[in-house]
Amino acid sequence: MINIKKQGACQNVRIRAKERKMKEADMIQKCEARIRERTAFEPEIGLILGSGLGDYADRIEDKICIPYSDLPDFPISTVEGHSGQFVMGEICGKKVVAMQGRVHYYEGYSQRMITLPVRLMKKLGVRKMVITNAAGGVNKAFEPGTLMLLSDHINYSGSNPLLGENMEEFGPRFPDMSDTYSGKYREQLKRLAAEQGVALEEGVYMMFSGPCYETPAEVRMARVMGADAVGMSTVPEAIVCAHMGVPVLGISCITNYAAGILDQPLNHAEVVETAARVKETFVKVLDLALTKVL
Ligand code: HPA
C-alpha cells in the first residue's frame, strides 16, 4: 500500500517537473515567435542594463522596441525606474539586443523564471553578454562612482537559476564556472580604458537576495569572504550564461559604500544619483567594449 502511494507521489513530482519544463520551453518559444513576427533581426550581443544605467539603450540606432508586456508570460518588473522592453538595433557597429529593465529575484519570481529572458536572447542569436548593475562598495578603496569589472562572483542569494530539471537544449547539468566573466574581455577592456585615461577597477561581486540592503555585519562578512561589492542582481543571469556557454562582461557601478562602512544610512536615491553622475564614463566604457572587445 505504502509503496504504491509513494510511487504515485514520485510520479506526480515528475509530472509537475515536466509540466513546468514545458511551460518554460513553451514560454521561450512563444516569446521568440512573437518577436519573429515583428523582426528577423539577429542580435549578436546582449546587454542587460542595471539600475539607472538603462538610458544606454537610447543610443541604439534603427531601434526596434519590444515592450515586455507584448510578450506572453514574460516576467515584468514592479520596481520604479525599470522600464521594461527589449531594444534591438546597432550600436558601435554591433548588432545588439538590450534589456531595458529587468526583473529581480527580490520581486518574488524564481531565479529560473527571471533568467528565461536571457535564454530567449540566446535563441534570438546572442553569443556574448554584457551585464551591468549598481552595487554597494565593500572594498573601501572603491568609492562611489567607481566602475568595477566583475572578475568573479559569490552566489549568496540562497538560490540558483539551474535548480530543477536541466534544460538540456541549453547546456549541461553541471556547468563549469571558472571563467564566467571572461578574463580575455577584462584584460582587453582594462588596457583600452587605461589608454583613454578611464579608471576601471576589478573585483568580486557578492549577491544577496535583497530587497533590504545588507546589515553592517553582513557587509563585514562579505569582505572576509572576499567580496569587493554587494548587490541584488547579475549572478542568476551570469550563471545561466555560463550554462549556455555565453561569455559575460560584467560591470558594476559602485553607487554607495555598503552598509556600515560609513556612519550613515543607505537609500535608493543615492544609488540613482551616483549612477546618473557616472553615466558619461559608463557610456565611454560600454562603447569601448562594444567597438573593440566584443
Ligand atoms: N547593496 C545591495 N545592492 C545595492 C547596493 C548596496 O549597497 N547599492 C546598489 N545596489
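## Glutamate 237 and helix H6

Glutamate 237 sits in helix H6, which covers residues 235–244. Helices (H or I, at least four residues) and strands (E, at least two) are DSSP runs, numbered from the N terminus. This is a predicted model, in which local features need pLDDT of at least 70 and side-chain atom pairs count only at pLDDT 80 or more, while totals for chains, interfaces and linings use all residues. Residues are numbered from 1 along each chain as its sequence is written, and side-chain values use heavy atoms, with hydrogens and water left out.

With a relative accessible area of 3%, glutamate 237 is buried. Here buried means under 20% relative accessible area, exposed means over 50%, and partly exposed lies in between (1.4 Å probe, protein chains only). Apart from neighbours within four places in sequence, glutamate 237 is in contact with Ile48, Arg102, Val103, Thr115, Val118 and Ile131; contact means heavy atoms within 4.5 Å.

Threonine 234 is not a glycine, yet its phi is positive, at about 70°. Its relative accessibility is 0%, so threonine 234 counts as buried.

## Nonpolar cores

A nonpolar core is a set of buried Ala, Val, Leu, Ile, Met, Phe, Trp, Tyr and Cys residues joined through side-chain atoms within 4.5 Å. The largest one has 43 residues, and those with the most contacts inside it are Ile35, Phe74, Phe86, Met88, Met121 and Met129. H6 supplies the largest share of this core, six residues.

Setting aside residues up to four places away in sequence, methionine 121 touches Gly46, Ile48, Phe86, Val97, Met99, Val126 and Met129. A second, separate core has 34 residues, among them Ile91, Tyr185, Val283 and Leu290.

## Helix H4

Helix H4 runs over residues 183–195; its 13 residues should span 18 Å at 1.5 Å a residue, and the end C-alpha atoms are 19 Å apart, which agrees. The expected span is 1.5 Å times one less than the number of residues. Gly183, Tyr185, Arg186, Leu189, Leu192 and Ala193 are the buried residues of H4.

The elements covering these buried residues include strands S5 (128–137), S6 (147–155), S7 (201–207) and S9 (248–257), together with helix H8 (279–293). After H4 comes glycine 197, with a positive phi near 75°.

## Salt bridges

A salt bridge is a side-chain nitrogen of Lys or Arg within 4 Å of a carboxyl oxygen of Asp or Glu. By this rule the count is eleven. In one of them, glutamate 24 pairs with arginine 112, with the closest N and O atoms 2.8 Å apart. Glutamate 24 is in helix H1 (residues 2–38) and arginine 112 in helix H2 (residues 111–114), so the bridge ties together parts that are 88 residues apart in sequence. Both glutamate 24 and arginine 112 are buried.

Arginine 59 and aspartate 287 form another salt bridge, with the closest N and O atoms 2.4 Å apart. This pair links distant parts of the chain, 228 residues apart: arginine 59 is in the loop between strand S1 (45–49) and strand S2 (61–67), and aspartate 287 is in helix H8. Arginine 59 counts as partly exposed at 37% relative accessibility, whereas aspartate 287 counts as buried at 17%. Lysine 190 and glutamate 202 also meet in a salt bridge (2.5 Å, N to O). Lysine 190 is in helix H4 and glutamate 202 in strand S7, so this bridge ties together parts that are twelve residues apart in sequence. Arg186, Glu187, Lys190 and Glu202 are linked in a salt-bridge network.

## Backbone exceptions

Most residues other than glycine have a negative phi, and most peptide bonds are trans. Aspartate 62, in strand S2, has a positive phi near 50°. Aspartate 62 is exposed, with a relative accessible area of 71%.

The peptide bond from glycine 210 to proline 211 is cis, with omega near 0°. Proline 211 belongs to the loop between S7 and helix H5 (216–225).

## Cysteines

A disulfide is a pair of cysteine sulfur atoms within 2.5 Å, and a search of the whole structure finds zero. For cysteine 65, the nearest cysteine sulfur is that of cysteine 31, 17 Å away. Cysteine 65 is partly exposed, with a relative accessible area of 27%.

For cysteine 253, the nearest cysteine sulfur belongs to cysteine 92, 19 Å away. Cysteine 253 is buried, with a relative accessible area of 0%.
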